[in-house]
Amino acid sequence: MAPRAITPKILNPLQLNRAGNTTWSTSSSEVTMHVPLYFLAALLPAIQASPLLQSRAGPAPGTVITKCTNANQIALTFDDGPYNYEASLVQKLNAAGAKATFFVTGTLYNCIYSQRTQLKATYAAGHQIASHTWTHANLANLGASQITTEMQKLEAAFSNILGVKPTYMRPPNGATGGQVVNTLKSMGYRIVTWDVDSGDWNNQSPQSSLSTLTNAGTGSGHIILMHETVASTPSQLADMVINYAKSKNLKMVTVAECVGDSGGAYTTASAPNGATSC
Ligand SMILES: [Zn+2]
């Protein structure tokens, strides 16, 4: 049986006029579009940027993260800054080849803008900066709009200081009840708690905190809760934890990296609003 003849139907293809603009017209019920490759290539960034089509790597928004996915890694986390000890802490981390995560607030110990130089240095050194709310409120006691305000005020400061918007946050006191998860999910945040609490916030000694960590064993990738604002943590506990991690061949990485999301710690910030004070 002879193949059927195929009649080309090239009607009114997409054309470029002399100014480079696309033009087309229809005079038939059947239109075959010939779209130049470079035209599609020009559209690609817009397609990739579309929230509808974008599939972000790493944990989905609203996920509560308590551990690293890789047992050979450990995530050192420091809450409640940026504070006066951060510079020395970051120096130690850098010297050890360690990356850590800083969950910072807007106003808990001092205004975030008063520490903007150090915060930029911490960020530039490759440590992860994440949100810990504007005032360190217990979010479980707040409604959705109040939670949103707590997050957005800090987002504005991050935009002004760092030019990025973090995608990871830690609720103060680890409180994930009430409207917390739903609201943060809708805002695109991944929620980080911990599996090892150093207890530094509760006057646990650095030696005792280290025991808590060693007793937890090395079989799973720990996320350890510490506070950069407790004097003995930057001055003593950080060194102990670094030495412990090195002795066990645990790689000290950011929370984003330890959940397989190295490139996903931040997203595009809204335009800076120029604020320089709280
Ligand atoms: Zn805190």
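**Close-up views of a predicted model**

**View 1. Helices H2 and H3 side by side.** In this predicted model, the axes of H2 and H3 approach to within 10 Å and cross at roughly 15°. That angle makes H2 roughly parallel to H3, and the crossing is left-handed. On the H2 side, the residues that make the contact are Glu 86, Ala 87 and Val 90, and on the H3 side they are Gln 118, Ala 121 and Thr 122. Sorted by class, the contact of H2 with H3 has three nonpolar, two polar and one charged residues.

**View 2. The buried side of helix H2.** Let us stay with H2, which spans residues 86-95, and look at its buried residues: Glu 86, Leu 89, Val 90 and Leu 93. Why are they on the same side of H2? They cover an arc of only 95° around the axis, and this puts them on one and the same side of the helix. As a reminder, an α-helix has 3.6 residues a turn, so residues three or four places apart point the same way. What covers these buried residues? The cover includes strand S5 (73-79), strand S6 (100-104), helix H3 (116-124) and helix H7 (232-247). After H2 comes Gly 97, with a positive phi near 70°.

**View 3. Helix H2 against helix H7.** From H2, look for Ser 88, Leu 89 and Lys 92, which meet Pro 234, Ala 238, Asp 239 and Ile 242 of H7. The residues of this contact of H2 with H7 divide into four nonpolar, one polar and two charged. Leu 89 also belongs to the buried residues of H2.

**View 4. Helix H6 beside helix H7.** Now find H6, residues 206-215, whose axis comes within 10 Å of that of H7 and crosses it at roughly 30°. Is the pair roughly parallel or roughly perpendicular? With that angle, H6 is roughly parallel to H7, and H6 passes H7 in a right-handed crossing. Pro 206, Ser 209, Leu 210, Leu 213 and Thr 214 are the H6 residues in this view, and they meet Ser 232, Gln 236, Leu 237, Met 240, Val 241 and Tyr 244 of H7. The contact of H6 with H7 is made up of seven nonpolar residues, four polar and no charged.

View 5. Most residues other than glycine have a negative phi, and most peptide bonds are trans. Asp 80 is not a glycine, yet its phi is positive, at about 80°. Is Asp 80 buried or exposed? It counts as buried, because it has 21 C-beta neighbours inside 10 Å. A cis peptide bond, with omega about 5°, joins Gly 81 and Pro 82.

View 6. Asn 249 has a positive phi near 55°, although it is a residue other than glycine. Because Asn 249 has 8 C-beta neighbours inside 10 Å, it counts as exposed.

**View 7. Trp 194 and its contacts.** Trp 194 is found in the loop between strand S10 (190-192) and strand S11 (196-197). It counts as buried because 20 C-beta neighbours are inside 10 Å. Which residues does Trp 194 contact, leaving aside its neighbours within four places in sequence? They are Thr 66, Thr 77, Ile 223, Ile 224 and Leu 225. Leu 76 is 118 residues away from Trp 194 along the chain, and their C-alpha atoms are separated by 9.9 Å.

**View 8. The whole chain, for orientation.** Stepping back, the chain has eight helices and 14 strands. Of its 278 residues, 37% are buried. Among contacts between residues at least 6 apart in sequence, 74% join residues at least 24 apart.

Conventions:
Residues are numbered from 1 along each chain as its sequence is written. This is a predicted model: local features need pLDDT of at least 70, side-chain atom pairs count only at pLDDT 80 or more; totals for chains, interfaces and linings use all residues. A residue is buried if 20 or more other C-beta atoms lie within 10 Å of its own, exposed if 12 or fewer, and partly exposed in between; C-beta atoms are placed from the backbone. Helices (H or I, at least four residues) and strands (E, at least two) are DSSP runs, numbered from the N terminus. The arc is that of the directions from the helix axis to the C-beta atoms. Two residues are in contact if their C-beta atoms, placed from the backbone, lie within 7 Å. Axes are lines fitted to C-alpha atoms, for helices over the stretch in contact, and angles run from 0 to 180 degrees between N-to-C directions. Angles under 35 degrees count as roughly parallel, over 145 as roughly antiparallel, 65 to 115 as roughly perpendicular and the rest as oblique. A crossing is left-handed if the near helix is turned anticlockwise from the far one by less than a right angle, and right-handed if clockwise. Ala, Val, Leu, Ile, Met, Phe, Trp, Tyr, Cys and Pro count as nonpolar, Asp, Glu, Lys and Arg as charged, and the others, Gly among them, as polar.
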